[in-house]
Amino acid sequence: MSEQAQGTGVGKLARLTRRGFLATAGLVGGGLTLGITLAPNRLKMTSEGSTAGEQVLLNTWVKLTPDNQLTVLIPHSEMGQGAGTGLAQMLAEELDADWATVSIEDAPTTDAYTNSDLGRGYIIGEAPAIPGFMYPLIDFAFLQIAKGLVGQITGGSTAIRLTGHHGMRRAGAAAREMLVAAAADLWEVDPAQLTTRASQVMHAPSGRQITYGELASAAARYSPSLKPALKAPSDYTLVGQPVTRLDLSAKVDGSAQFGIDVAVPGMVYAAIALPEVRDARAVIEHDARARARTGVRDIINLGDVVAVVADGYWVANQALQDLTLRWEGGQPSLTSEQIRSQHLQDLEQGKLQTLDGEGDATSAMATGTALAADYAVPYLAHATMEPLNCTVHARPDGADLWVGHQNFPFARDAVAEELGLDPAQVTVHKRLLGGGFGRRGQFDYVTIAARIAARVPAPVKVIWSRENDMTNDTYRPAISAKLQGAVGDDGRISAFVNRYVYTDAGMPDSERPFALPYDVPARDIARVRCPSPIAVGAWRSVDFTQHGFFNESFIDELAHAAGADPLAFRLDHLSDPRMRAVLEKAGDAAGWGSALAPGRARGVALVKSFETIVAQVAEASVDERGDVTVHRVTSAVDCGLVINPDSARAQITGSVIFALSAALFGEITVREGRIQQRNFPDYRLLKLADAPTQEVHFLRGADVPGGLGEPGVPAVAPALTNAIFAATGKRLRELPIAPQLRNA
């Protein structure tokens with residue numbers, strides 16, 4: 001059910017007759033630039049300089065054509081998660097649009113399309129007490145902030161829960177109010193008499209109706225409200241439905257354009273060599289054979305990277321193998337053992353920063369049954385399926401950039417800085433991402449392409465080999481932790497102590513990835529800063545993956561010490577009703593407590609991340625060789641409002657596969673300064689034949705959506721290692737799993 005137009009920002013136009021309205025629409029329909037009068041107005045920023053051909057730009061994210069087709073502009077990158085469809089659903093719901101008319105389009109890479117709704121939603125959230133007259137100032141302020149801090153970032157499971165909930169709903173509702181106001185003026189009726197449905201405005205008393213497309217040009221002359229009336233979730237008809245993803249057809253028929261697909265006239269290719277030893281510099285000793293190859297244009301030594309530029313990538317890569325390269329300097333003695341030793345030393349001697357303290361943990365540890373255990377997780381690579389690539393054409397008067405990136409405006413700025421240009425001189429051609437997981441939020445592959453392009457008088461596509469990427473990634477940090485806990489005579493946890501190392505590549509403290517969800521009267525959680533000697537960065541789920549494994553494994557140890565069932569033990573320490581419901585659902589759906597086939601066992605874990613609660617039960621067995629079979633994973637998820645059930649289920653099942661690969665096999669190690677893993681043969685992923693049966697159950701705990709791209713990952717590893725303990729009695733306190741069991 002739609003609500004009547006009542007936005008505070010909707011201006012008043014002179015009344016139009018239908019003939020006058022249609023004439024106006026006809027005159028301006030060929031190229032309308034809106035005039036939005038409320039200032040400072042976040043939406044006005046997008047209207048300046050925007051021309052839309054046959055399309056009418058109603059506000060920042062909404063375009064309509066005279067034939068009633070709706071285009072939603074998306075300020076997030078598409079890397080498989082399907083966020084564009086979900087965002088369009090949220091906007092179309094508030095707009096009362098006919099879903100059959102909806103399509104999506106990348107938002108332009110200009111400051112006007114900076115995603116200020118993300119930062120605004122993150123910091124202010126619901127904020128019901130903010131008066132309407134403050135909205136223009138707040139929106140304008142966040143736009144200015146977002147230009148430097150947010151751009152169009154995609155990461156942190158922010159698209160639906162922040163951009164969608166705080167931006168797209170508002171944009172759809174504001175557009176609807178503009179259309180209703182235009183119809184009311186056209187028909188000279190009270191807006192309260194008008195209803196909307198299926199991309200039409202209707203006047204029941206007269207039986208008149210008109211399409212959004214016919215109204216668009218007139219509606220565009222109104223100022224969009226910054227605080228329009230939003231629907232109640234109970235009135236949703238589109239949100240919550242499993243609509244087909246709008247990007248699906250192009251990906252199925254092969255017409256979708258990823259970065260690796262870029263082909264522009266006159267383009268050449270570059271194959272690159274990167275340091276085998278961290279931070280080393282390149283010396284080319286012999287290049288005559290490489291230069292003699294037909295098609296080779298140039299060989300460029302930039303110190304930290306050597307590029308062979310040629311007419312084709314195959315030729316460039318072959319010539320690269322012909323070079324005699326020597327790498328000097330760097331960190332030739334660095335090893336994984338040194339890094340681990342440094343962690344342990346810092347944990348003993350470093351300066352502690354307390355993050356969560358309550359009660360007297362020291363005294364509580366002296367009573368009851370006390371436990372202590374050391375945990376560790378390794379560096380992990382992102383291993384995106386599409387090889388890293390970037391195409392740049394550098395000219396004296398500007399540049400073109402073709403790339404798939406998790407923040408296009410910042411990638412543009414990075415190219416501009418490398419080439420000494422103003423960002424406005426760089427034109428960005430957005431491309432889809434064949435996987436991101438945080439890797440494509442980095443800029444090294446963009447800046448290297450720009451530096452090479454500065455030396456090449458043509459567009460140049462720089463392609464990283466799998467080995468380049470695997471040995472020069474920005475890895476998920478390796479982390480070590482020392483945990484202690486005590487169980488009192490009443491069978492309850494009396495104390496929990498956690499000491500861990502951290503780098504500067506993690507989550508904001510406000511997200512509290514270290515937090516224990518259970519009711520424990522004495523807690524002492526502190527960390528020690530320990531910078532990584534190799535490059536680190538965000539990896540899917542960021543710090544929740546490390547701390548989810550530490551906390552949920554140690555809780556299992558405490559349950560075992562108490563002689564309690566692991567699931568019942570958790571419930572005994574949970575007062576949050578949403579968490580209890582999720583955990584109980586996971587247990588019930590997995591048949592917790594029921595008999596299993598010989599050799600099999602279940603393990604459970606619970607992690608809240610990105611405002612979503614996930615409990616997972618893994619069912620596994622271990623054979624005599626130490627090989628693990630994961631038979632079944634049951635997930636219970638409370639992500640609040642589910643926008644698209646099909647996409648939501650895909651996010652969780654994909655997360656489980658991703659997380660199992662990391663838990664079983666994922667490990668980046670360093671020996672003599674070199675990353676030892678180079679490609680998928682020594683950095684394994686879970687194969688289709690080894691994938692478990694999966695069930696996903698959603699619980700609706702709130703009308704506000706939580707994240708989904710990442711929350712399905714953190715609980716998988718501890719659920720599996722807890723299952724392995726139940727099956728074998730072997731407690732795994734380090735990852736990955738596979739080598740530990742084979743060495744046992």
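User: Where is proline 736 found?

Analyst: Proline 736 sits in the loop between helix H20 (716-728) and helix H21 (737-743). Helices (H or I, at least four residues) and strands (E, at least two) are DSSP runs, numbered from the N terminus. This is a predicted model, in which local features need pLDDT of at least 70 and side-chain atom pairs count only at pLDDT 80 or more, while totals for chains, interfaces and linings use all residues. Residues are numbered from 1 along each chain as its sequence is written, and side-chain values use heavy atoms, with hydrogens and water left out.

User: Which peptide bond is cis, and what is its omega?

Analyst: Most residues other than glycine have a negative phi, and most peptide bonds are trans. Here, the bond from leucine 735 to proline 736 is cis, with omega near 5 degrees.

User: What is the phi of serine 199, and where is serine 199 found?

Analyst: Serine 199 is not a glycine, yet has a positive phi of about 65 degrees. Serine 199 lies in the loop between strand S5 (194-197) and strand S6 (200-203). Buried means under 20% relative accessible area, exposed over 50%, and partly exposed in between (1.4 Å probe, protein chains only). Serine 199 counts as buried because its relative accessibility is 2%. Alanine 383 also has a positive phi, near 50 degrees, and is placed in the loop between S14 and strand S15 (389-395). With a relative accessible area of 10%, alanine 383 is buried.

User: How many aromatic pairs does a search of the whole structure find?

Analyst: A pair of aromatic rings is described by the distance of the centres and the angle of the planes. Rings of Phe, Tyr and Trp (its six-membered ring) pair if their centres lie within 6.5 Å; planes under 30 degrees apart count as stacked, over 60 as edge-to-face and the rest as tilted. The search finds nine such pairs. One of them joins tyrosine 375 and phenylalanine 550 in a tilted arrangement, 6.1 Å centre to centre with 55 degrees between the planes. This pair links distant parts of the chain, with tyrosine 375 in strand S14 (residues 369-377) and phenylalanine 550 in helix H16 (residues 543-561), 175 residues apart. Both tyrosine 375 and phenylalanine 550 are buried.

User: Why does the pair of tryptophan 539 and phenylalanine 658 tie together parts that are apart in sequence?

Analyst: These two rings form a tilted pair, 4.9 Å centre to centre and with 40 degrees between the planes. Tryptophan 539 lies in the loop between strand S21 (523-529) and H16, whereas phenylalanine 658 lies in helix H19 (residues 645-665), so the pair ties together parts 119 residues apart in sequence. Tryptophan 539 counts as buried at 4% relative accessibility, as does phenylalanine 658 at 16%.

User: Is tryptophan 402 buried or exposed, and which residues does tryptophan 402 touch?

Analyst: Tryptophan 402, in strand S16 (residues 398-403), counts as buried because its relative accessibility is 8%. Contact means heavy atoms within 4.5 Å. Not counting residues up to four places away in sequence, tryptophan 402 touches several residues, including Val262, Cys390, His429 and Arg431. The C-alpha atoms of tryptophan 402 and aspartate 261 are separated by 9.9 Å, although these residues are 141 apart along the chain.

User: How many helices and strands does the protein chain have?

Analyst: The protein chain has 21 helices and 27 strands. Buried residues make up 58% of its 744 residues.
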